[in-house]
Amino acid sequence: MTPGDWARRVTRPGPPVGRAARGTGSLLVDNIGELVTNVADGDGPLGLRRDAALLVEDGQVVWTGPARDAPAADRRIDAEGGAVLPGFVDSHAHLVFAGDRAAEFAARMAGQPYTGGGIRTTVGATRAATDDELRATVRRLRGEAMRQGTTTLEIKSGYGLTVADEARSLRIAAEVSEDTTFLGAHVVPTEYADRPDDYVGLVCGPMLAAAAPYARWIDVFCERGAFDVDHARAILACGQAVGLGARVHANQLGPGPGVRLGVELGAASVDHCTHLTDADVDALASTSVDWTSGAVTTTVATLLPGAEFSTRSPYPDARRLLDAGVTVALATDCNPGSSYTSSMPFCVALAVREMRMTPAEAVWAATAGGARALRRDDVGVLRPGARADLMILDAPSHLHLAYRPGVPLIRRVLHHGVPQ
Ligand SMILES: [Zn+2]
């Protein structure tokens, strides 16, 4: 299956986020000191070009090349010698929720371990919230992410855990994202605590039926204390049967079967990957085929260092995965319990400092890697035909994202070619 086939096959709910700059003429981004294209014909894995320009029409990139060859355009943005990168692709975020868990964070920083049990606290608050309250939170966090360079943002449900609350969570998410994920199998809610089989039946039956019209993906938290491998397999298979793509929360809190289950089912991504055996790494590496061949069987390992930071846990071994040839993505895991950050630059800095990724590897994983994890080829890359989603840095190079952590370096963001 080619990426295009995939895009046609999956559900695409709601209108796209933002609007293409149709009818507004051409826009030239000029005087780019360093252009990160993620295209193979540039320099290195990021496809770097110096002294470059980029032309946008109808929300798409239509040309990139040396600034001296730049075509005329109706409008111009001067990058002032700064770096221009594809917008970040945050392929893992939980934005539909109410309340916060700052007190839980404080307790954890005072020494209490993270168990995942706090998810139920957020479930209670989310069920009690109105649609408008949930919508306001989603839009606030999406705006926050956009200001930090994120132009593609996957959004999961998973704090409703009733048929109606999961459906409305996804309906609200689909208002602002093309990549929405049904995570009814986040935890077993309290009212089903002693009958998890019944809850899995609900997830695979009426809850999936209500959620699927608003979802592109299905996800499951396959972990001790959440869903065991048999339940996880059943849930993902039900979703795939109605056309949803599979993703898995796997191997976060300890070793387990989640990663190998994801590979077995052809999941687009297995996320967290903090505790991996050699067999897990081998399984992931076996899926890493060349994207350009058109055979989309890669299962991406999506690393979420914000979660390890916020739970004071050991970071995943990114080098082991990269050295084995596994495709790695970085994402925020933005959620009110274990990683309340929407900042991809923060995750890039953590990946470089704490996980020994090179700055180039981390930037690639946060852009092109995220696109792979969502099986998309129209984002995470700046080449003719790609969506004109990009950021202009107040810095001459992508290196500064990790070199100057915590500094607001993103001067401007274009989404569908529209300045934000
Ligand atoms: Zn998550």
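The model discussed here is predicted, so to speak, from end to end: local features need pLDDT of at least 70, side-chain atom pairs count only at pLDDT 80 or more, and totals for chains, interfaces and linings use all residues. With 13 residues, α7 reaches 18 Å from its first C-alpha to its last, close to the 18 Å expected at 1.5 Å a residue, where the expected span is 1.5 Å times one less than the number of residues. Its buried residues are H231, A232, I235, L236, C238 and G239. These residues lie on the same side of α7 because they cover an arc of only 155° around the axis, the arc being that of the directions from the helix axis to the C-beta atoms. On the other side, D230 and A241 are exposed. Here, a residue is buried if 20 or more other C-beta atoms lie within 10 Å of its own, exposed if 12 or fewer, and partly exposed in between, with C-beta atoms placed from the backbone. The buried residues of α7 pack against β9 (180–185), α6 (196–211), β10 (217–222), β11 (245–250) and α8 (258–264); contact requires C-beta atoms, placed from the backbone, within 7 Å.

The chain is divided into domain 1 (9–87 + 381–419) and domain 2 (88–373), with bounds that come from an automatic or database domain assignment. Taken over C-alpha atoms, the domain centres are separated by 27 Å. Across the boundary, 27 residues of domain 1 are in contact with 32 residues of domain 2. On the domain 1 side, β5 (83–86), α15 (400–403) and β16 (410–415) each supply at least two residues, and the largest share, three residues, comes from β16.

The largest nonpolar core has 131 residues, among which L54, V84, V348 and A351 touch the most other members. This core draws at least three residues from each of domain 1 and domain 2. A nonpolar core is a set of buried Ala, Val, Leu, Ile, Met, Phe, Trp, Tyr and Cys residues joined through C-beta atoms within 7 Å. Not counting residues up to four places away in sequence, A351 touches L303, P305, A318, L330, M357, A362 and A365. Both A362 and A365 are among the buried residues of α13, a mostly covered helix (residues 359–366) with six of its eight residues buried.

Definitions and conventions
Residues numbered from 1 in each chain as written. Helix = DSSP H or I, 4+ residues; strand = E, 2+ residues; numbered from the N terminus. Contact = placed C-beta atoms within 7 Å.
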